[in-house]
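Dear colleague,

My findings follow directly after it.

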Amino acid sequence: MLPTELLTGLSAARSVTVLTGAGISTDSGIPDFRGPQGVWTKDPNAAAMFTIDNYVADPEVRRRAWRSRREHSAWTAEPNAGHRALVDLERAGRLRSIVTQNIDGLHQKAGSDPDKVIEIHGTIWHVVCLTCGNRTTMAETLARVDEGEDDPSCELCGGILKSATISFGQSLEPEVLRASVRAAQDCDLLLTVGTSLTVHPAAGLVDLALAAGARVIVVNAQPTPYDTLADAVIREPISQSLPVLVEAVKDGARGR
Ligand SMILES: [Zn+2]
């Protein structure tokens, strides 16, 4: 049960920015990478595949990466009650933006307006050429992998292709970063959902929201470095607590 006082206060929120991390997608069967049971926590060597220098230098790393992309859980995963609650928040006119660290596209699949979703770590649904920047869909590139190209190259320039995600050692897209900064500074409530708030610059968005006077609510199973600065910390499972939080905000939208 979430505190009544907290829920009553939420009805005043007019512009909510939501920062989401792996925790919102684990109920959809997408594995977490950095959490206590995370893929990279349990197997640090798996992280090497996601380092840009290794990816560019070693064709075997790329072949391994393409095999792993073919089997990615995102292709079959369905959004859960947590993703759907954020669609409700948008329909109530209270959502400013969703800033997500996830690459799985589940917010859009749930029905969130793609223009309101800022994917700071990119998306696995697209492929980008590291030389000329040409973007294609993952589906058409995986079709080439299925046809036997184990390390497909750019059809325009022959360059190395990679999922349009941010690997270790790669900088965030400046435009995407600016949009996420604006979303954090231009809200009266920042909800952080399923993120450990240890990876920058995502975590720094909390500082920006606090500095701009927003309330901050942390929803995460494990402690985060921002728990003491937040107005409330919620440990309950996301797919249960997020719909309750969103209903509380919508009470305000109904003019109470
Ligand atoms: Zn190219």
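Please note that this is a predicted model. I begin with helix H8, which spans residues 138-146 and has Met138, Thr141, Leu142, Arg144 and Val145 as its buried residues. These residues lie on the same side of H8, because the arc they cover around the axis is only 150 degrees. In general, residues three or four places apart in an α-helix point the same way, since there are 3.6 residues a turn. Exposed residues Ala139 and Asp146 are found on the face of H8 that is turned away from the buried side. The packing partners of the buried residues of H8 are helix H5 (59-70) and the strands S4 (122-129), S5 (135-137) and S6 (161-165). After H8 comes Gly148, with a positive phi near 115 degrees.

Cys129 is buried, because its relative accessibility is 3% and the cut-off is under 20%. Cys132, at 40% relative accessibility, counts as partly exposed.

Finally, Ser241 belongs to helix H11 (residues 238-253). Ser241 has a relative accessible area of 3% and is therefore buried. Beyond its neighbours within four places in sequence, Ser241 is in contact with Leu2, Val219, Ile234 and Glu236.

Yours sincerely

Notes
Residues are numbered from 1 along each chain as its sequence is written. This is a predicted model: local features need pLDDT of at least 70, side-chain atom pairs count only at pLDDT 80 or more; totals for chains, interfaces and linings use all residues. Side-chain values use heavy atoms; hydrogens and water are left out. Buried means under 20% relative accessible area, exposed over 50%, partly exposed in between (1.4 Å probe, protein chains only). Helices (H or I, at least four residues) and strands (E, at least two) are DSSP runs, numbered from the N terminus. The arc is that of the directions from the helix axis to the C-beta atoms. Contact means heavy atoms within 4.5 Å.
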